[in-house]
Amino acid sequence: MGFLADGPNDMRCFWDACRYRRKDYSVTMINRLIATLFLLWLGCVLQVHGQQAEPEAQALARIKANAEKGDAGAQLDLGLLYASGRGAARDVVKAAKWHRKAADQGLPQAQYHLGLDYANGEGVKINQTEASKWFRKAADQGLVEAQYELGLRCLSGRGVPESGSEAVDWFRKSAGQGFAPSLYQLGNCYFQGTGVPKNIEEGIKRIRGAAESGLAAAQNKLGACYQKGEGVPKDEVQAYKWFALSAAQDDEHALDIKVSLATLESRLTKDQIAEAQRLAREFKPGESARTTTAAESAKTGWVTVKADDEHCEVFVDGAFVGNSPAKLKLAEGFHVVEVKKSGFKDYRRELKVNPGSDLTLTAGLERP
């Protein structure tokens, strides 16, 4: 059994403290969060209910012994200790070594951390393709952070072929497990028409779900939408509320958000400002991320696009989604599918996707 499992049952493992090492949060805030939670975790996990805490040196020796015996959980724990420099001298090379040992045994959290090692050059040489390989292994096992990271990489083409539709698929899988950053990114995809048809209303639904779950970036975005009247009725009291909630936890963008708040304060009455502040104080994060995506999942269908000549470019509603053969998860409604290849006439077909449908479209390409 790994070290993390030896603590009290009501404690979240240190993995939960590390899970938000992402760009949606400020680096300062991440480091402070990880350092604080690690100390809390270390103190609690060294203590069995009703017993005296185990000395750090003794705990480290026990973890290392279990790791050297091949315990994947202990190997991950040891890698996290070396990576953090708490409980052991910081050594990123040793951290990556133990992450790899656990990852090779199929532990998804270790695969995710090994992916981060390769992505950031911590203990290993930077290799984005190798990073993506390990993120995919963890994502295929359902790890939400890895699915989210893979979605971001599909958007940018970092270490994987660029594909908006694949990014959307990974964001949906992660958001379906209640991971608010993925729901926020899914909302952005609808706003921009990336991997899905552009739909501001659908984008707002997902961004609101992430904001109501407490994600600062989504709260900031929702505040801007209320301020501009984009996708929602213009409401500066609501805009102030969401900006205030975001500013309270978003160190990276706090200055910009404060500028937005100052602009609103110059236009709102004292009573309106007081109302907005009351709404912010009474706000409690909910479960909107999970419920929003669960409802959305019931409104999609599959379309498999094939062609007589494979490796053609496939477009949906004007956006490139990959090469044939391609299996696409599309929102309910009408879509225009195009298949293109140099030297051939473009193939174009409009079709309707119903919830739960599984359609196959074979494009017959003709020469001019």
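Biologist: At what angle do helix α5 (residues 92–104) and helix α6 (residues 108–120) pack, and how far apart are their axes?

Modeller: This is a predicted model. In it, α5 and α6 pack at an angle of about 140°, with axes 8 Å apart.

Biologist: Which residues of α5 and α6 make the contact?

Modeller: On α5 they are Ala 96, His 99, Arg 100, Ala 102 and Ala 103, and on α6 they are Ala 110, Gln 111, His 113, Leu 114, Asp 117 and Tyr 118. Sorted by class, the contact of α5 with α6 has six nonpolar, three polar and two charged residues.

Biologist: At what angle do the axes of helix α3 (residues 56–68) and helix α4 (residues 72–84) cross?

Modeller: They cross at roughly 130°, and the axes come within 8 Å. That angle makes α3 oblique to α4. The crossing of α3 and α4 is left-handed. From α3, the contact uses Leu 60, Ile 63, Lys 64, Asn 66 and Ala 67; from α4, Ala 74, Gln 75, Asp 77, Leu 78, Leu 81 and Tyr 82. By class, the contact of α3 with α4 has seven nonpolar, two polar and two charged residues.

Biologist: Turning to the rings, how many aromatic pairs does the structure hold?

Modeller: The structure holds four aromatic pairs. To read a pair, look at the angle between the planes: over 60 degrees is edge-to-face, under 30 is stacked, and the rest are tilted. Tyr 148 and Phe 171 form a tilted pair, with 6.1 Å centre to centre and 50° between the planes. Tyr 148 lies in helix α8 (residues 144–156) and Phe 171 in helix α9 (residues 164–175), so the pair links distant parts of the chain, 23 residues apart.

Biologist: Are Tyr 148 and Phe 171 buried or exposed?

Modeller: Tyr 148 is buried, at a relative accessible area of 0%, and Phe 171 also counts as buried at 0% relative accessibility. Ring pairs link Tyr 148, Phe 171 and Phe 179 into a cluster.

Biologist: What kind of aromatic pair do Trp 242 and Phe 283 form?

Modeller: Trp 242 and Phe 283 are edge-to-face, 5.5 Å centre to centre, with 75° between the planes. Trp 242 is in helix α13 (residues 236–247) and Phe 283 in the loop between α15 (270–282) and α16 (288–297), so this pair ties together parts 41 residues apart in sequence. For burial, the cut-off is under 20% relative accessible area. Trp 242 is buried because its relative accessible area is 2%, and Phe 283, at 18%, counts as buried too.

Biologist: Where does Pro 181 lie?

Modeller: Pro 181 lies in helix α10 (residues 180–192). At 3% relative accessibility, Pro 181 counts as buried. Pro 181 and Ala 210 are 29 residues apart in sequence but 6.8 Å apart in space, C-alpha to C-alpha.

Biologist: How many helices and strands are in the protein chain as a whole?

Modeller: The protein chain has 16 helices and seven strands. Of its 368 residues, 50% are buried. Among contacts with a separation of 6 or more, 55% come from residues 24 or more positions apart.

How values were computed:
Residues are numbered from 1 along each chain as its sequence is written. This is a predicted model: local features need pLDDT of at least 70, side-chain atom pairs count only at pLDDT 80 or more; totals for chains, interfaces and linings use all residues. Side-chain values use heavy atoms; hydrogens and water are left out. Axes are lines fitted to C-alpha atoms, for helices over the stretch in contact, and angles run from 0 to 180 degrees between N-to-C directions. Helices (H or I, at least four residues) and strands (E, at least two) are DSSP runs, numbered from the N terminus. Angles under 35 degrees count as roughly parallel, over 145 as roughly antiparallel, 65 to 115 as roughly perpendicular and the rest as oblique. A crossing is left-handed if the near helix is turned anticlockwise from the far one by less than a right angle, and right-handed if clockwise. Contact means heavy atoms within 4.5 Å. Ala, Val, Leu, Ile, Met, Phe, Trp, Tyr, Cys and Pro count as nonpolar, Asp, Glu, Lys and Arg as charged, and the others, Gly among them, as polar. Buried means under 20% relative accessible area, exposed over 50%, partly exposed in between (1.4 Å probe, protein chains only). Rings of Phe, Tyr and Trp (its six-membered ring) pair if their centres lie within 6.5 Å; planes under 30 degrees apart count as stacked, over 60 as edge-to-face and the rest as tilted.
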